[in-house]
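Please look over the chain shown here before reading the briefing that follows.

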Amino acid sequence: MIFWSIIYIVIEIINVAFATETDSVRAILEDPTRYNKMRIPKSGRDPLSIGVNIGISHVGDINIVTMTYSIAFYLRIFWQDARLISTELNDIQSTSYNPEILKSLWIPSIQIKNALQSQPFLNPETNDNIMLIISHQGEISLSVKVDTKVRCLFDLTDYPFDTQNCKLILESHSYNESDAKLYFTNGGVEVIQELNNENVPSNEYKLITTSDLHTTYGTGNYEMFGNYSLLTVEFKLVRLFTSQLVTVFLPLNSIILLSYLTFWIDRKALAARSAFGINITLTMMTLIVNTYHDVPKVPYLRSIDVVFTISMGFMMGSLIEFAVVINLEKNYAKGIQSHRKKMVNSAIVVEKIARILYPVAYSVSMIIYYSIYVKTY
């Protein structure tokens with residue numbers, strides 16, 4: 001009984017202490033002579049150092065048409081405000097506060113520079129995933145969960161074997177480098193959970209290595225306002241080839257195989273061979289249209305353009321071969337009796353050469369194609 005009484009007294013003392021510390025900070029914030037939330041808490045001419053730590057929980061919904069990706073992460077911001085130093089309870093290291101106190105507190109103005117839409121993620125009225133901690137030494141820790149879409153300039157030269165380098169750029173928005181300077185702290189960037197989930201349907205890409213996230217410091221220059229501090233996180237993403245293999249390359253090679261089978265149809269069966277060639281052509285055009293429907297238009301040549309051009313060339317080659325053989329047959333029918341045997345033999349020779357040359361040439365062209373575009377995949 002005595003033990004539980006002691007525990008109760010200790011808990012009450014702690015609660016009173018925390019309440020006193022909270023009231024002390026609130027008293028400072030509510031006193032306009034001691035605190036002005038519009039004034040940056042820097043000392044002298046030196047800029048205020050603002051530490052940033054990012055914990056990434058999700059990267060996905062990568063869309064090459066709109067050239068955007070979605071990212072969810074925890075943004076942790078650290079800075080010191082000497083105006084909040086409390087000498088009343090030095091034994092208490094830090095206290096958690098209701099995010100509503102942010103309305104009276106100076107906070108850094110940080111934005112995602114390449115976000116699709118500007119979001120006030122440090123506003124407690126629009127974001128309830130905020131945690132605020134203030135120590136008795138005026139050290140402030142602000143943690144907020146951010147879920148947003150970000151622009152990424154995709155290079156589709158190697159599509160669908162492409163690897164993309166997407167960036168997340170944080171910028172000090174309202175204060176230039178003379179007032180505030182951002183820097184990575186506590187490791188800079190960490191991955192809270194596994195991001196290489198290949199079983200998620202919306203994930204066309206995956207991170208090559210979840211630990212290999214590059215961070216850089218920089219400045220953004222605005223002629224009228226000066227230089228602004230930037231922090232950049234770069235993601236290296238590689239496309240998952242499974243869906244492209246099933247929806248593009250297997251059908252494409254099947255069409256080429258069917259066009260090769262036309263060489264084995266009797267050259268005198270004009271109706272069957274003509275209908276077969278027309279159906280193959282329409283099937284190829286349908287595949288191309290469906291594939292390009294999900295790919296943005298770009299002013300440069302892509303890997304998918306090359307493979308479709310090669311395949312169309314071979315498919316048209318099979319039709320041209322058919323026209324040549326038919327022409328030889330007609331010439332034979334109109335020719336002189338002494339020349340008939342020679343003309344028939346010419347048609348047969350063309351068919352035999354095409355049956356060998358067609359698959360060999362296509363295989364060689366595909367080997368060259370894959371050696372060029374799949375070398376870094």
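What share of the contacts in the chain with a separation of 6 or more comes from residues 24 or more positions apart? Such residues account for 75% of those contacts, where contact means heavy atoms within 4.5 Å. This is a predicted model, in which local features need pLDDT of at least 70 and side-chain atom pairs count only at pLDDT 80 or more, while totals for chains, interfaces and linings use all residues. Residues are numbered from 1 along each chain as its sequence is written, and side-chain values use heavy atoms, with hydrogens and water left out.

**Confidence**
- The mean pLDDT (the predictor's confidence in each residue, from 0 to 100) of the chain is 78, and 73% of the residues reach 70 or more.
- Over residues 3-21 the pLDDT stays under 50, and the model has 13 contacts beyond four places in sequence for this stretch.
- Residues 198-202 also have pLDDT below 50, with four contacts in the model beyond near neighbours in sequence.
- Where pLDDT is low, the predicted coordinates should not be read in detail.

- Of the 377 residues in the chain, 42% are buried, meaning under 20% relative accessible area with a 1.4 Å probe, protein chains only.
- Leu168 touches, among others, Ile54, Tyr69, Asn114, Thr232 and Phe235, not counting residues up to four places away in sequence.

How values were computed:
Buried means under 20% relative accessible area, exposed over 50%, partly exposed in between (1.4 Å probe, protein chains only).
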